[in-house]
Structures are given as C-alpha cells and as structure tokens.
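Please look over the sequence and the structure below before reading on. The paragraphs that follow are meant to be read with both in view.

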Amino acid sequence: MAAKKKVTKKKATVRKKKAQKRVVGPTEKKGKKNLKAVALSSIEEVAKDVYQDARKGRLPNMTMPQRNLANVTYDPKLGYFELKGNMKTRTLDVNSVKTFAQTLRLMSLAQDMVGDDDFATKREAYYVSKNWGEAKFNEQRESDTVLDDIEGMFSVKDITREILRFVPEEHGGSVVGALTVIDRDPETGEAIRSDCSAMGSGAYTIPSAVDHLGFETTAEFVLAIETGGMFQRLNHHRYWRTANCILIEMGGVPTRATRRFVRRLAEGLKLPVYAFVDCDPYGICNIYRTLKVGSGQAAHVNKTFCVPTAKYLGVTPQDILDFGLEDATHPLQPVDIKRAKDALKNDPFFQSYPKWKSALKQMLKMGVRAEQQAFAKWGLNFVIEEYLPAKLKQAKKFLP
Amino acid sequence: MADIRKTAWRQAIVAKKAHRTAEQMAQSQREISVSEFFAKNRHLLGFDNPRKALLTTIKEAVDNSLDACEEGGILPEILVEIEQLEEDRFRVAIEDNDPGIVKAQIPNIFGKLLYGSKFHSRRQSRGQQGIGISAAGLYGQMTVGKGPRIWSKTKRGKMHAFEMQMDLTKNKALITKDEEHASWHRKHGTRFEIDIEASYQRGLRSVDDYIKQTAVANPHAEIRYRAPGMEEPRVYERAIKAVPDLPDEIKPHPYGVELGELMKMLRNTNSRWLSGFLQEEFCRVGPKVAKEIIKAAKLGERSYPSRIARDEANNLFRAIQNTKISSPPTNCLSPIGEDRIREGLMKECDADFYAVSTRPPSVYRGNPFQIEVGIAWGKPGVDQLEVDEKGRIAKKKKKRTIDTEDLLGNADEPVRVLRFANRVPLLFQQSGCGFTKAVTQTSWKNYGLSQSKGALPIGSAVILIHMASVWVPFTSEAKEAIAPYPEILKEVKLALQEAGRKLGSHIRKGKKVASEFQKRSYIEKYLPHVGIGLQEILGISNEEREEIVETLRDTMETTRKI
C-alpha cells in the first residue's frame with residue numbers, strides 16, 4: 001500500500017513538471033553475466049547430484065515445485081502469487097525414466113544455448129528431441145511440460161525459461177505511445193532505437209525476451225488493453241498523445257513477454273499501470289488477474305512475470321450502471337458464472353480484496369457482461385471523449 | 001422295338017426280384033464268417049481309407065507289441081518301418097522284443113479274427129477284442145493279395161518265419177510257408193510284416209503323430225520309427241527304466257453286467273446254486289450280499305443257475321441293480337502315474353510349464369477306471385520369461401530342440417487335446433469324444449486361457465487325458481472316441497480342474513512377470529539417454545557414461561520387486 005501511495009504522489013509531481021523524461025537500461029546488464037553463470041552452474045549441479053546418487057547405487061531424483069493454484073498464496077504486500085513450497089520429487093524409476101532422460105537432455109540443450117548465446121523456441125526444442133531416437137517427444141505438449149518442470153526446478157534460483165534460452169513461439173503484444181525502446185542488433189551489438197510514437201498506424205511488437213531492452217519515456221501511465229479493436233481505436237485517434245500514456249495491446253491473457261514488458265515499464269520507469277478489459281469473468285479473473293499476480297500454473301515465475309502495481313480501470317460492473325450500458329450487455333453464460341464463483345471460492349487474489357469480492361458478486365447478481373466496445377452505443381468515440389477521462393480523474397477509486 | 005424289348009426285360013427282373021419263395025431264400029441264407037463280415041465292413045475297424053488303413057495297421061501292431069512286452073515284464077523296444085513299394089502300396093513292419101509267440105499260436109493270433117487272450121478277461125490292456133492285428137493282415141491280403149509274414153522267437157525256442165493266407169470263409173489262416181531258423185538278431189521278439197494299399201502323409205492324425213503320442217504316454221518304451229523320406233530312423237528315447245506294474249485281473253462287478261451277459265453266465269457256470277454262482281462269478285459279492293440279491297429277486301439260494309437263466313433272469317438282473325454292492329477293487333488298474341506323464345510330456349514336448357494330476361479310481365457301470373491329466377503349456381523361446389536370483393528378467397532360452405514335430409501350437413490356436421485310453425492314443429473323432437466334451441465344458445478362463453463358450457480353450461498348450469480301465473467304453477469298434485458316461489465326464493473334469501488350477505497360477509505369475517518385463521524394457525530404452533544427458537552436461541568420458549548407466553540399471557532392476 002505504501003508503494004501505491006508513492007506512485008500516486010510521484011504521478012502528481014510528474015503532472016506538474018509535465019513530460020518529465022524517464023530512462024531505464026536493460027535489467028540484464030547488471031546481472032547478465034551473473035545470471036548466465038548461475039544458470040550454467042545450476043544445470044551442472046542438478047546433473048552432478050544425479051551422477052553422484054547413481055554412482056553410490058542410489059536412485060537419483062529431481063525436486064521441483066508443484067504447479068497449481070492449490071500451491072500458491074497471495075500476499076498483497078508481496079503483490080504476486082507465491083508458491084507455498086509444496087514440492088514434487090521425481091525419482092528415477094521405470095515410469096519416470098523417459099521423462100528423466102528428456103529432462104537431462106533438454107538441460108544439456110539449455111547449457112549449450114546459454115553458452116553459445118543462442119535460443120530455441122518451444123517448438124524448436126520439441127524438434128531437437130527428434131534426434132534423440134527412443135527418447136524423443138511425440139508431441140510438443142510433452143516437451144512443454146518438461147520445460148515447465150525444468151523452469152520450476154531452477155525457479156528457486158530466479159532462473160527463468162528465457163534465461164535458459166527457451167522462448168515461447170508467440171511474441172508479445174503491441175505497443176504505441178510516448179516510449180522509445182532501445183534494443184540491440186543481435187549480430188553487431190549496436191543499439192537500435194524504436195520510437196513507439198512514430199509507428200504510424202502500426203505498432204511496436206514486444207519481442208519474446210525483453211530483459212535486454214532499455215526504455216525512454218515521457219508518458220505518465222500505461223494503459224493495458226484487452227482487445228485489438230479498442231487498441232486500434234485509441235491508436236487511430238492518438239489517444240496516447242492526448243492522455244500522454246503508453247498503450248499496450250494484450251490480446252487476451254497477456255503472454256509472459258508482455259507481462260514482463262509491462263512489469264519493466266512499471267518498475268523501471270515507475271509508471272502506473274491501468275488495465276482496461278471487458279467486464280466479464282474472463283477479463284477480470286483471467287486477463288487482469290494474470291497480468292497483476294500471475295497464474296497458478298506458472299507460479300514459479302510469477303515473481304518476475306507479473307505487474308503487482310497494476311490497477312483495474314474498467315470496465316467494472318458499476319460502470320455498466322454509471323455509463324448506461326444496461327441495454328448493451330449480454331447475459332452471463334454458465335461458464336462465466338462458474339469462473340466467477342470459482343474465483344470467489346478458490347482464488348487467493350480475489351479473496352484478499354473485499355472490493356473485488358463485492359464487484360464479482362455484483363456482476364453475478366446483475367447476471368450480465370459488458371464488452372469494452374459497448375461504449376460505442378453512445379458514439380464511436382465516447383470511450384475517448386467521456387469514459388476514459390472520467391475514469392482517470394478518479395484513479396484512486398480503481399479496483400485493486 | 002428297342003423300347004418294348006427293354007421294358008420286357010425290366011419286368012422280368014422285377015418279377016425275379018420281387019417274388020422269391022421261402023425255399024429260394026433259404027438257398028442263399030448261410031452263415032457269414034466274421035472275416036467275411038469285416039471284409040465288407042472294414043470301416044468299422046478303422047480301414048475306411050488308405051491313409052487311415054496305414055495308421056490302423058501300425059497302431060494295432062504297436063498296441064500288441066507294448067501289451068506283450070509289459071505282460072512279459074520286458075522294457076519295450078519297438079521298431080516301426082514304413083516302406084513305399086509303389087505309389088499306393090506300402091510294406092509295413094513292426095518288430096519288438098516281446099517274449100515271442102509259440103509256434104502253434106502264430107497262425108491263430110495273426111490270422112484269425114476275434115482270437116486273443118484279452119476279450120474274456122477283466123484286465124486293463126491296450127487291445128480288447130483280438131480283431132485288430134488279424135484285420136490288418138486281412139486288409140493287406142484283400143488290397144495287395146499277399147498275406148502277412150511273421151518272424152517270432154522265444155527265449156529258448158527257435159525262430160519261426162511264416163507266410164500265411166487268410167481263408168475268409170473259415171476265419172482261419174492257411175500257412176503257406178513255415179521256416180525254422182536256429183538264430184535271429186534278437187534273443188526273443190516278434191516281427192510282423194504286411195504289404196497294404198495305403199497312403200502316407202504327415203501332420204495331424206498321421207502315423208508320425210500316433211508314434212509321437214505313443215511315446216508320450218509310454219515313456220518306458222523306446223520306439224524307432226522310419227517312414228518314407230527319412231534317412232535314419234527317428235528315435236523316441238526311453239525316459240523311465242521300469243516296466244509299469246502289471247494290473248491284476250478281476251472278475252466282473254455285478255453292476256457292469258447286462259442282462260444278456262448275465263443269462264450267458266448263468267448258463268455256463270459250474271456253480272450249482274445261485275448263491276454260489278453270485279459269489280464265484282462276480283467280485284464284491286459275499287454270502288451276505290448274495291443273500292440280499294436273492295431275497296430281492298424272490299429266488300431261492302439253492303436255485304439252479306441254468307433254470308434261472310431261462311425264467312427269472314430279469315428279476316435277478318433288477319435285484320442286482322437295486323442292491324447296494326461295494327465298488328470293484330482298483331488293483332486291476334495301472335495308471336500311467338503323475339511322474340511318468342510329466343516325463344513323457346517333457347521328453348516329447350518342450351514347454352514352459354507342466355501340470356499333472358491323477359484322480360483316485362472311480363467306477364462306471366461296475367467297471368473301475370481312473371483318469372489322469374497332464375498339461376504342457378507355453379513355447380519356450382517364444383515369449384516366455386524367467387527371473388534370475390538377482391531379480392533380473394530375461395527371455396527364456398529354448399531348453400533343447402526336439403527334432404520331431406512340435407505338439408505345442410501357437411498361442412492363438414486352440415489347445416491340442418491328446419486323448420489316451422489305456423496308454424493308446426486316440427487320434428480320430430475328437431469332437432465326438434467324451435474327453436473333448438469335458439475339456440470344452442471346463443471353464444478355462446479361470447485358469448488363464450481364453451475360451452469361447454463351448455469351444456476348446458485357446459493357448460499354446462497340450463492337454464493330455466488318459467483313462468485307465470479294464471473296459472474302456474469306446475463309441476465304436478475302431479476305438480476312436482470315449483463314450484461320455486456321466487461318471488467319466490465328472491472325473492475328467494475334476495482332473496482338468498486340478499491341473500488347470502496349477503496352470504492358472506503359473507500363467508498369472510507369468511503375466512505379472514511379463515508386465516514387469518515390459519516396464520523394464522523402458523529402462524533398456526531410455527536409460528542410455530540419461531547417460532547421454534549426463535555426459536553432455538558434465539563432460540564425462542564414454543567409459544564413465546557406460547559405467548554409470550550400468551550401475552543405474554542394476555540399482556533400478558534390483559530395487560524392483562516382482
């Protein structure tokens with residue numbers, strides 16, 4: 001809560017000074033060598049343990065955190081889903097020997113890639129295994145699971161899949177606004193500057209790894225938007241210029257890269273982050289919750305892949321009433337109702353905030369959902385001219 | 001013209017056929033000799049076709065040889081030779097080391113139908129009626145024209161070589177040649193040789209099959225066998241060096257005698273009183289039981305048996321059936337024995353598992369009998385596994401190769417049922433046999449074999465069923481199938497269940513081992529990759545890698561329990 005106050009104060013000062021320039025370099029820089037070394041030594045350590053156990057005639061094992069919502073806690077002070085510490089141990093036996101071998105071989109691949117500064121998409125890693133004969137993966141689902149296991153195993157040392165050089169297939173979301181991204185040429189190492197306010201009708205695309213990026217900005221806040229449609233509208237009308245902000249298109253549940261990217265803007269540039277998503281259980285419980293605190297499945301990486309300072313701008317159930325959207329709603333589907341009820345019952349994040357509990361209950365009571373684009377009912381640009389300014393005036397009232 | 005003539009002719013024929021006087025008929029009525037009868041009805045004796053004729057000839061001769069040797073307390077050495085003379089003509093010779101046959105009896109035994117020592121006795125033996133071997137001679141003479149040739153020598157006597165012709169009308173053999181030789185290549189023994197019209201084939205129900213099965217049920221016999229196409233005789237070695245105990249002869253049990261036979265016995269007895277007759281002629285009848293029977297038949301103890309035969313035999317017959325008489329003694333039975341069945345199967349059938357069971361003697365219609373069952377299961381070297389003392393599992397090696405045909409079928413075929421009566425294999429009419437019925441009525445699913453309702457179970461298995469009895473109830477004179485008496489069916493089923501339970505527990509254990517083996521094959525498959533992974537990460541040498549994989553394999557295999 002202290003952080004929140006701080007942000008608000010700073011935002012106030014920023015407003016006064018108008019367009020203060022903020023800069024941040026790559027997070028990697030300071031710890032890059034370090035992380036690389038930690039990654040390499042961690043890989044070796046796991047292999048050594050296996051080797052020593054085997055030599056002593058013991059059955060070797062690997063330990064990793066359990067990855068599910070039942071094994072996470074939420075502490076608002078910490079700001080993200082944290083593992084409770086339930087571990088699963090995989091002991092080498094007939095049932096696990098294949099996975100065991102595949103884990104070691106993928107670790108070996110990671111070792112090579114970290115050493116050679118190369119990377120493999122998850123799909124490529126799957127294809128690399130095709131050269132392993134009997135030990136090959138039959139489906140990418142299998143190799144993805146093993147990759148998640150490896151990441152879980154190394155998460156205690158803050159080593160992510162990206163540091164091990166496994167990158168997701170999908171890239172991150174789109175960015176426009178008062179932001180300059182400083183990347184470097186992978187071959188020459190030369191700096192490449194991308195001005196996100198000079199993208200015309202297009203946008204900057206968040207790469208799959210973002211820790212090497214540097215940023216410069218004069219913006220005052222970040223607006224993370226669920227749908228491409230709304231992002232296009234705001235970009236077309238240069239809303240980022242009028243509101244002096246950075247617009248991020250999440251495209252559904254934000255990818256790890258997008259979450260990390262927004263996290264770096266929030267943390268490095270000290271910018272507040274506001275989420276603008278549909279008013280339905282999916283927008284709230286999946287998109288926003290994952291952006292802010294991470295997921296149960298990837299709880300071991302939430303620490304670095306979420307945006308604890310994010311706030312929920314809208315659309316809220318109350319907005320439906322306040323902005324006269326009652327007749328622009330759709331009834332909640334059974335799957336929506338189940339999702340909302342599940343969140344109230346099982347999700348430690350929503351359980352921590354009475355405001356969220358009442359908002360979800362309100363939605364369930366109303367029995368309807370409203371999309372971002374429902375504001376078009378009052379005119380195509382009602383959202384730019386009326387809704388967003390009105391909401392931003394009361395940023396303190398945003399749902400946590 | 002032609003039509004009219006034809007019609008007249010036909011009418012004449014019809015008239016001739018239709019109208020015969022009693023006198024005319026009497027002219028053509030005459031006694032039919034047994035030989036003549038069988039010459040016309042040879043299928044009844046197993047000579048229906050050339051292939052079967054060859055088998056029956058050999059079977060009858062081998063049965064005789066084994067019986068004769070056992071009776072003389074000699075370990076049988078039997079030589080069977082089939083020589084192809086022409087496309088459809090074969091010379092068959094069976095030679096043994098029996099005690100020999102005295103000169104005077106030779107023509108009777110080999111030339112006369114229904115002559116023998118066994119028909120009248122109540123003792124377990126292979127042959128029963130004394131028709132088989134003479135019928136073979138008869139068949140040869142009818143098809144090729146030459147009678148049988150016999151060489152025989154007793155221990156002390158000289159060797160006689162005979163050639164004979166059978167007189168079909170007089171049921172008699174005419175000796176056409178009789179030579180005496182001072183010595184022979186055997187100290188004692190008999191050789192029977194006949195040329196017959198036949199055909200030789202291999203496979204199921206062939207002579208090969210018969211010899212093999214005979215070797216299974218008679219592990220105390222050594223059989224040498226040479227068929228067309230064999231360079232050297234095939235030798236079925238002796239596995240047990242002891243002649244089976246000679247079973248005792250018993251008198252008939254009252255329950256087993258039919259009315260006609262009872263009347264015949266009453267007529268022919270030397271006893272003068274009914275009470276004496278009952279006690280003398282039957283087993284298990286003492287003064288008390290005799291009294292009870294007589295009382296129930298409302299007869300006098302001192303009645304004349306021959307009078308009763310005429311007037312009150314039926315009452316007596318009924319009285320016998322209604323009187324409680326203890327079961328016949330069983331010392332007249334000579335089962336093969338569990339050990340011998342196991343030896344016999346092991347010697348001729350290399351299997352993964354053997355189960356044997358012998359039932360206690362039982363009785364059907366006054367005839368004692370005993371059922372034995374042996375099961376051989378699983379082809380070694382195909383998919384059988386074994387566990388060593390360290391707990392490792394490996395494919396079982398084939399113990400040895402048996403150069404004769406394999407009795408075990410494949411795992412997806414019905415099991416083979418080997419049926420034996422008094423140690424003689426029954427090759428034909430499997431489906432009509434009481435033994436087969438008992439097998440199909442047993443629920444083999446309980447014992448690890450799959451089975452459709454009412455069918456033989458499926459599996460790589462041989463089921464041997466043996467019935468030892470003083471009188472085996474064959475369904476026909478060709479001695480091919482056992483009549484399904486309820487008492488016999490019940491005993492066979494009980495024996496099958498007993499052996500089946502042993503098989504079942506073995507198969508279940510085997511299935512466990514197989515699934516464990518399947519799991520352990522993952523170790524074989526994937527453990528080397530654990531080694532490769534470790535080598536790549538840690539940069540160990542190839543030797544170190546192989547060593548660590550070996551150590552891990554040991555650790556993994558020995559920590560698993562079966």
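This is a predicted model: local features need pLDDT of at least 70, side-chain atom pairs count only at pLDDT 80 or more; totals for chains, interfaces and linings use all residues.

Residues are numbered from 1 along each chain as its sequence is written, and chains are lettered from A and ligands numbered from 1 in the order in which they are written. For the complex, the predictor gives an ipTM of 0.73 and a pTM of 0.63.

In chain A, four strands form an open sheet with antiparallel pairing, in the order β1-β12-β9-β10; helices (H or I, at least four residues) and strands (E, at least two) are DSSP runs numbered from the N terminus, and two strands pair if DSSP finds at least two bridges between them. Because β1 (22-24) and β10 (191-195) of chain A each have a single partner strand, they stand at the edges, and one side of each is left without a neighbour in the sheet. Strand β9 (residues 179-184) of chain A pairs with β10(A) in the antiparallel sense over five bridges, and A:Arg184 has A:Ala191 in β10(A) as its bridge partner.

Between the chains, 21 residues of chain B are in contact with 25 residues of chain A, where contact requires that the C-beta atoms of two residues, placed from the backbone, lie within 7 Å. On the side of chain B that touches chain A, α15 (486-538) and α16 (542-559) of chain B each supply at least two residues, and the largest share, 15 residues, comes from α15(B).
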